[in-house]
Amino acid sequence: MVQKAVEMGVSSLQPVLTRFTQVSRVNGERMRANVIEAAEQCGILSIAAVAEPVTLDRYLGGRPPQRLLVFCDEAADAANPLQTLRSNATASTGIDVLIGPEGGFAEEERSVLLRQPRILRVSLGPRVLRADTAAVAALALVQAALGDWTAPAELHE
């Protein structure tokens, strides 16, 4: 997931721990190595930052509220996410993309997320996706709708 996110143009990666996160799979050192490898292979000059894992509450409490939060929610209406992004979003103050763990979001997490400022809830379609596939799908949608040249996205899982 890290390599693909870097290839897709993210500026930072922030692991977010939710109820269903498989904590044993979050390895910051390995993530940093993957960022460097992907940047070298793709000729990317800037290295994406990799932050230490934080809980969902801590992440939400620390993120700038003026940034758009694209919340990829498996329980969202499977309407056209590209149209939703184009119609309801602007990248002028930055974009955060949040995908869920492979177990999905708990209902209380979803409730907290939906109360956030500048949030846009989107579906990634009718299929259940692994987290690595969801990250690429979400970043491709964001880039197609808002253009990665204006505000590099940040990926939060």
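Here is a short chat about a predicted model and some of its side chains, strands and helices.

Student: Hi! Before we dig in, what kind of model is this?

Tutor: Hello! This is a predicted model, so let's treat every value below as computed from it.

Student: Good to know. How many aromatic pairs does the structure hold?

Tutor: The structure holds 1 aromatic pair. The partners are Phe 71 and Phe 105, arranged edge-to-face, with 5.1 Å centre to centre and 75° between the planes.

Student: Where do Phe 71 and Phe 105 sit in the chain?

Tutor: Phe 71 belongs to strand β5 (residues 68-72), and Phe 105 is in the loop between β6 (95-98) and α5 (107-114). They are 34 residues apart, so the pair links distant parts of the chain.

Student: Which side chains of β5 point which way?

Tutor: Leu 68, Val 70 and Cys 72 point one way, while Leu 69 and Phe 71 point the other way, and all are buried.

Student: Which sense does β5 take when it pairs with β6, parallel or antiparallel?

Tutor: Parallel, over 4 bridges. One example is Val 70, whose bridge partner in β6 is Val 97. There is also β7 (119-122), joined to β5 by 4 bridges and running parallel to it. There, Leu 69 stands opposite Ile 119.

Student: What about the faces of β7, which side chains are buried there?

Tutor: Leu 120 and Val 122 point to one face and are buried.

Student: Moving on to α5. Which of its residues are buried?

Tutor: Glu 109, Arg 110 and Leu 113 are the buried residues of α5. Seen down the helix axis, they fall within an arc of 100°, so they line one face of the helix. As background, an α-helix has 3.6 residues a turn, so residues three or four places apart point the same way.

Student: What do those buried residues pack against?

Tutor: The buried residues of α5 pack against α3, β5, β6 and β7.

Student: Anything on Ser 111, and where is it?

Tutor: Ser 111 lies in helix α5 and is partly exposed, at 35% relative accessibility. Its side chain makes a polar contact of 2.9 Å with the side chain of Arg 115.

Student: A backbone question now: what is the phi of Arg 118?

Tutor: Arg 118 has a positive phi of about 50°, although it is not a glycine. In general, most residues other than glycine have a negative phi. Arg 118 lies in the loop between α5 and β7, and at 30% relative accessibility Arg 118 is partly exposed.

Student: How many disulfides turn up in the whole structure?

Tutor: The search finds 0 disulfides. As for cysteines, Cys 42 is partly exposed, with a relative accessible area of 41%, whereas Cys 72 is buried, at 5%.

Student: Last one: what does Asn 34 touch?

Tutor: Leaving aside residues up to four places away in sequence, Asn 34 touches Val 2 and Gln 3. Asn 34 is found in helix α2 (residues 28-42) and is buried, with a relative accessible area of 14%.

Student: Great, thanks!

Conventions
Residues are numbered from 1 along each chain as its sequence is written. This is a predicted model: local features need pLDDT of at least 70, side-chain atom pairs count only at pLDDT 80 or more; totals for chains, interfaces and linings use all residues. Side-chain values use heavy atoms; hydrogens and water are left out. Rings of Phe, Tyr and Trp (its six-membered ring) pair if their centres lie within 6.5 Å; planes under 30 degrees apart count as stacked, over 60 as edge-to-face and the rest as tilted. Helices (H or I, at least four residues) and strands (E, at least two) are DSSP runs, numbered from the N terminus. A disulfide is a pair of cysteine sulfur atoms within 2.5 Å. Buried means under 20% relative accessible area, exposed over 50%, partly exposed in between (1.4 Å probe, protein chains only). The arc is that of the directions from the helix axis to the C-beta atoms. Contact means heavy atoms within 4.5 Å. Two strands pair if DSSP finds at least two bridges between them. A polar contact is a pair of N or O atoms within 3.5 Å; within protein, one must be able to donate a hydrogen and the other to accept it, and residues adjacent in sequence count only if both atoms are side-chain atoms.
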